[in-house]
Amino acid sequence: MSAISLSAVTKRFGDAAAVDGVSLEIAAGEFVALLGASGCGKTTLLRLIAGFDTLSSGAIRFDGTVMAGEGRHVPPEDRNVGIVFQSYALWPHMSVAENVGYPLRVRGIRGAAKADKVAEALAAVDLSGFEARRPADLSGGQRQRVALARCLAMDPAVVLLDEPLANLDVNLRASMEDTFKEFHERTKATMVYVTHDQAEAMAMADRVAVMEAGRVLQVTDPVTLYGEPASEAVARFVGNGSVVDCRVVGPAASGRAHVALFGHEADVRADPATLAPLGTTARLCLRPEHLTLSDGEGFAARVAKATFKGSHALLEVAPAAAPAQLLPVWAPRLVPTGTEVRIAIRDGWLLPGAAMRVPAARAA
Ligand SMILES: Nc1ncnc2c1ncn2[C@@H]1O[C@H](COP(=O)(O)OP(=O)(O)OP(=O)(O)O)[C@@H](O)[C@H]1O
Ligand SMILES: [Mg+2]
């Protein structure tokens, strides 16, 4: 395993920067997900780490050694990286065992040593007994596991994965998440996993780096990312948070604030270091689980949409005080569209810094 250090990594295609000044320290053995919408630069960054593309500026180091930048470019084959793509990139004319053994053969490993490594790698992805099959005779999930075994057999220091589950169905994705986690524990390789699926990123990664337009907006562990997004963009992208205006009416207990919104007051979480002055308007991130249907307390709202989800229902409610704002709410049962309800605010996260944007509004 290698530590990866990215310093102001930039890649321009013509005038446009696909990756724009990304600095990120990835510890040896860490599992980091790069999360972002289509076109934000995830694949480009991965290709730069692998060495398939050259940098426009900045530097990439593995364990302190310059791989790219500062006038150097170490070719991919000398970086000891394993790569798993969305398209499995298996040789169709080779058997499973030949596919997995191919990179070993290229490295001059043959005979029993090679056979042992191949058997071990296939066992690790639960594909023992499939040695003689051709890729065409495997399911999508099995093909992706062959690609993973091929990567595993090489003992790479760094494993780069580009949306490896994108072609698989929902059930298979969940079981493959376990396969990737086991793979990580077994190899202790440093892993950089590209996805636009936030659930996938949060389920597997030690830390998630959220990207937008070539930049990293926030990088932190999944629990902090979900619970304490640093900006409105991250709050909206991760966990489908609603972001609404509120007024800070008082500091509550440490790490909390008292806010007013939709004609109602609530206690929410806040970073004391960035807590807005009393009376100012701030932006509040509300997750569906922060809101509950209530019998008395809370603000008045109307159910605008209701979707049955099996164990619960997902409602979208429009507050009477701001009918254009739709807030998702988990409910234990389906409530018909048009029903007048009261919604209690159990929690929320006051977005840091956002309050400075808006001048103080007089208390109504
Ligand atoms: N070889 C290239 N030449 C010109 N522009 C490119 C090239 N490769 C990527 N880009 C552009 O750089 C930007 C980032 O592309 P990239 O493939 O890294 O996005 P991505 O985050 O991986 O998206 P997706 O989730 O759709 O795979 C895009 O605007 C893309 O059009
Ligand atoms: Mg991509």
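**Notes on the predicted model**

1. Asparagine 99 is found in helix H2, which spans residues 96–106; helices (H or I, at least four residues) and strands (E, at least two) are DSSP runs, numbered from the N terminus. Asparagine 99 is buried, at a relative accessible area of 0%, where buried means under 20% relative accessible area, exposed over 50% and partly exposed in between (1.4 Å probe, protein chains only).

2. The conventions are as follows: this is a predicted model, in which local features need pLDDT of at least 70 and side-chain atom pairs count only at pLDDT 80 or more, while totals for chains, interfaces and linings use all residues. Residues are numbered from 1 along each chain as its sequence is written, chains are lettered from A and ligands numbered from 1 in the order in which they are written, and side-chain values use heavy atoms, with hydrogens and water left out.

3. The side chain of asparagine 99 reaches the backbone oxygen of methionine 94 at 3.2 Å. This is a polar contact (a pair of N or O atoms within 3.5 Å; within protein, one must be able to donate a hydrogen and the other to accept it, and residues adjacent in sequence count only if both atoms are side-chain atoms). Leaving aside residues up to four places away in sequence, asparagine 99 touches Leu90, Trp91, Met94, Pro135, Val146 and Arg150, contact meaning heavy atoms within 4.5 Å.

4. Two packed helices are described by the angle between their axes and the distance between the axes. H2 packs with helix H4 (residues 140–153) at an angle of about 30°, the axes being 8 Å apart. H2 is therefore roughly parallel to H4, a description that applies to angles under 35 degrees. The contact involves Val96, Asn99, Val100, Pro103 and Leu104 on the H2 side, and Val146, Ala149, Arg150 and Ala153 on the H4 side.

5. Leucine 160 lies in strand E8 (residues 158–162) and is buried, with a relative accessible area of 0%. Residues up to four places away in sequence apart, leucine 160 touches Leu46, Ile49, Ala50, Gly82, Ile83, Val84 and Val192. Between the C-alpha atoms of leucine 160 and glycine 241, which are 81 residues apart along the chain, the separation is 29 Å.

6. Which order do the five strands of the open sheet take? The order is E16-E20-E17-E18-E19, with antiparallel pairing; two strands pair if DSSP finds at least two bridges between them. Strands E16 (291–294) and E19 (327–331) stand at the edges with a single partner strand each, so one side of each has no neighbour in the sheet. On average, neighbouring strands of this sheet are turned by 50° against each other, direction ignored.

7. Within the sheet, strand E17 (residues 299–308) and strand E20 (residues 340–345) run antiparallel and are joined by four bridges. Alanine 300 has arginine 342 as its bridge partner in E20. Five bridges join strand E18 (residues 313–319) to E19, again in antiparallel fashion, and valine 329 of E19 is the bridge partner of leucine 315. Four of the five residues of E19 are buried, so E19 is largely enclosed by the rest of the structure.

8. Overall, the chain has eight helices and 21 strands. Of its 364 residues, 49% count as buried. The C-alpha atoms fill a box of roughly 80 × 50 × 40 Å along the principal axes. Among contacts between residues at least 6 apart in sequence, 66% join residues at least 24 apart.

Definitions and conventions. Axes fitted to C-alpha atoms, helices over the stretch in contact; angles between N-to-C directions. Parallel < 35°, antiparallel > 145°, perpendicular 65-115°, else oblique.
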